[in-house]
Amino acid sequence: MDTLDRPHGGTHEVLNQPPPLAGYDVAWHDAALLEGVRREGAGWDEDRLRELGRLAGSDEAIAWGFEANRHPPELRTHDRFGHRIDEVAFHPAWHALMSVATANGLHGAPWRAPRPGAHVARYARFYVWSQVESGHGCPISMTYAAIPVLRGRPDLAARYEPVFTAAAYDPVLRPLKRKRAALCGMAMTEKQGGSDVRANTTRAEPGGASTYRLTGHKWFCSAPMSDAFLVLAQAPGGLTCFFLPRVLDDGTRNAFRLQRLKDKLGNRSNASSEIELDGAFAERIGDEGRGVATIIEMVNHTRLDCVAGSAALMRQGLAQAAHHARHRRAFGALLADQPLMLNVLADLALESEAATSLMLRLARTVDLAPEDSREAAFGRIGIALAKYWVCKRAPFHAAEAMECLGGNGYVEESILPRLYREAPVNSIWEGSGNVNALDLLRALAKQPEALAAWFAEIETARGADRRFDAALASLREALAHGEPADARRLVERMALLMQGALLLRDAPAAVGDAFCASRLGNDWGAAFGTLPRGADARAIVERAWAEWVS
Ligand SMILES: Cc1cc2nc3c(=O)[nH]c(=O)nc-3n(C[C@H](O)[C@H](O)[C@H](O)COP(=O)(O)OP(=O)(O)OC[C@H]3O[C@@H](n4cnc5c(N)ncnc54)[C@H](O)[C@@H]3O)c2cc1C
């Protein structure tokens, strides 16, 4: 046999490398997810969720995730004859991901087919499917979140809601009335201000009854191939929300120009652009001057999607880390059996379960809020807290999960580098950390009923753990003296209490106990892997990763 024909040139055998984590059901391995889905009212969707979980864990879908990121979108400003086209070309893998997401209603099922638990089911599916690839979640989230705003104009909703919620994917730009399915983005951020949208300079000149012409720029506009956008602009009566279609009814392109695409740290499969509006046609939604109040409906949903996206990143990182440790040996033993690695994995598992449970509990508030003012009030505070904390934890979690794979984790093929690059964005967009924290202070000051609803929920776990009880008592003290500079401290404590309450109430004792000891009892270090001695790390990891029990 020729030397080159021999495996690896004949120098060695490949030993001690784990099998790839593929051909598995992403949902089935996730006890926190399945229990949470049943608890929060969407047990009826379990079969469908498992089906999506099997697809998410398949070789084919995993390959789409890699391909869509290896071949990022390309801007096409002009056709070959010099006409502006302002389009973005995507790799077929992107379209495959989008097709599955839309076929599973991640962008619209609860609006199209409302039923008890519909939003919980949608969030669970979104979380499972995001583990394949995060970037395409952006247009999916924005479309989902746009519907309640669109309903602010019943005539527009009657015309367009069916097309935005259709369980189909139609990426060709054409008039909305001729689309099988459509996507909706949003454009608020300008060069001079993203958080402070009141500083927007884009002008809106009234045309007809509720139609306007928009002129200005937007510094970040993701998913620019969407069929329509919700846009903020200054009308004569102040900052106002508009619905702006990409293609007009007569087939002409709206005056919506793509200047360039952002060269981003992560989220690379998704296009994020800078745009110019040059007298673009738009329909007003809500009254002039009520732009922020109108679009906030959308922002609330996208914030919870950031929580779901970050929970998905953590879950996928944990799965990769636990799988690796279960198959890799070092110094004569499986990594998974070595106490310090077990501590790291258990700590990562706690963070992941806390995020997943919180996301599902808050998804229930979305289901119940229209009929239940207490749930609405709880969601008002709960979503801001979760957006801040879960999104802040994701980058640290991704870094530690990566390290569990050693050098292999630092290599693109492991998926961990992609998770790591993606992780910070959920904390930046849809209200960066400080903005969220200040938003919470505002809600506390202006909506006492929201704080009352929050306490009512959290106190259901009082008496279950002394560290939890002590943290709750000291929070009451801190709330009495809260100042803007303390906002992050307050948010952090409240978010941890919220997660602690859920885990004490609903998770096995080992999980609730270790969470309270570390996160609330302060018996913990600054990095993951510092759970105190009494923590039952093996039980926590066995729960988190069923492959463990073999
Ligand atoms: C990949 C990506 C895609 C995006 N896609 C879109 C999109 O599709 N549509 C869209 O409209 N926007 C989009 N954005 C923009 C995003 O929403 C903004 O970047 C974000 O809202 C922050 O605004 P900014 O960048 O102007 O930062 P700034 O508002 O200048 O904030 C900078 C920092 O200051 C902090 N800060 C702000 N105010 C205060 C305060 N009062 N006290 C203390 N700290 C404060 C913020 O928390 C932040 O940390 C996208 C951003 C990214 C990264």
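## Close-up views of a predicted model

**View 1. Strand β4 meets its partner, β5.** Four bridges tie β4, which covers residues 203–206, to β5, and the two strands run antiparallel.

View 2. A handy place to start is Gly 216, whose bridge partner in β9 is Leu 277.

View 3. Count the residues around the ligand and you get to 20. The closest of these are Met 188, Thr 189, Gly 194, Ser 195 and Ser 222. Which elements each supply at least two residues of this shell? They are β3 (184–187), β5 (211–222), α13 (425–428) and α14 (433–446).

View 4. Met 186 has a backbone N or O atom 3.0 Å from a nitrogen atom of the ligand. With Met 188, a backbone N or O atom is again involved, and it sits 2.8 Å from an oxygen atom of the ligand. Thr 189 brings in its side chain: an N or O atom there is 2.7 Å from a ligand nitrogen atom. How much of the ligand does the protein bury? On its own, the ligand exposes 970 Å², and the protein buries 65% of that.

**View 5. The largest cavity.** The structure has three cavities of 30 Å³ or more, and this view shows the largest, with a volume of about 90 Å³. It is lined by 17 residues, and the ones closest to its centre are Asn 69, Glu 133, Ser 134, Arg 418 and Glu 422. Which helix gives the largest share of the lining? That would be α12 (residues 416–422), with four residues. Sorted by class, the lining of this cavity has four nonpolar, eight polar and five charged residues.

**View 6. The second largest cavity.** This one holds about 70 Å³ of space. Its lining draws two or more residues from each of α1 (31–39), α9 (291–327), α10 (339–368) and α19 (537–544). The top contributor is α10, with four residues. If you want to trace the lining yourself, look for residues including Asp 30, Ala 31, Tyr 127, Arg 315, Leu 318, Ser 352, Glu 353 and Arg 543. How do the lining residues of the second largest cavity sort by class? There are six nonpolar, two polar and four charged residues.

Note on methods. Residues are numbered from 1 along each chain as its sequence is written. This is a predicted model: local features need pLDDT of at least 70, side-chain atom pairs count only at pLDDT 80 or more; totals for chains, interfaces and linings use all residues. Side-chain values use heavy atoms; hydrogens and water are left out. A residue is near a molecule or strand if one of its heavy atoms lies within 4 Å of it. A polar contact is a pair of N or O atoms within 3.5 Å; within protein, one must be able to donate a hydrogen and the other to accept it, and residues adjacent in sequence count only if both atoms are side-chain atoms. Accessible areas come from the Shrake-Rupley method with a 1.4 Å probe; for residues, only the protein chains shown count as cover. Two strands pair if DSSP finds at least two bridges between them. On a 1 Å grid over the protein atoms alone, a cavity is a set of points where a 1.4 Å probe fits but cannot get out, and a pocket is an open set with protein on both sides within 12 Å along at least five of seven lines; lining residues have an atom within 4 Å of a point. Grid points are joined across faces, edges and corners, and a volume is the space filled by probe spheres set on the points. Ala, Val, Leu, Ile, Met, Phe, Trp, Tyr, Cys and Pro count as nonpolar, Asp, Glu, Lys and Arg as charged, and the others, Gly among them, as polar.
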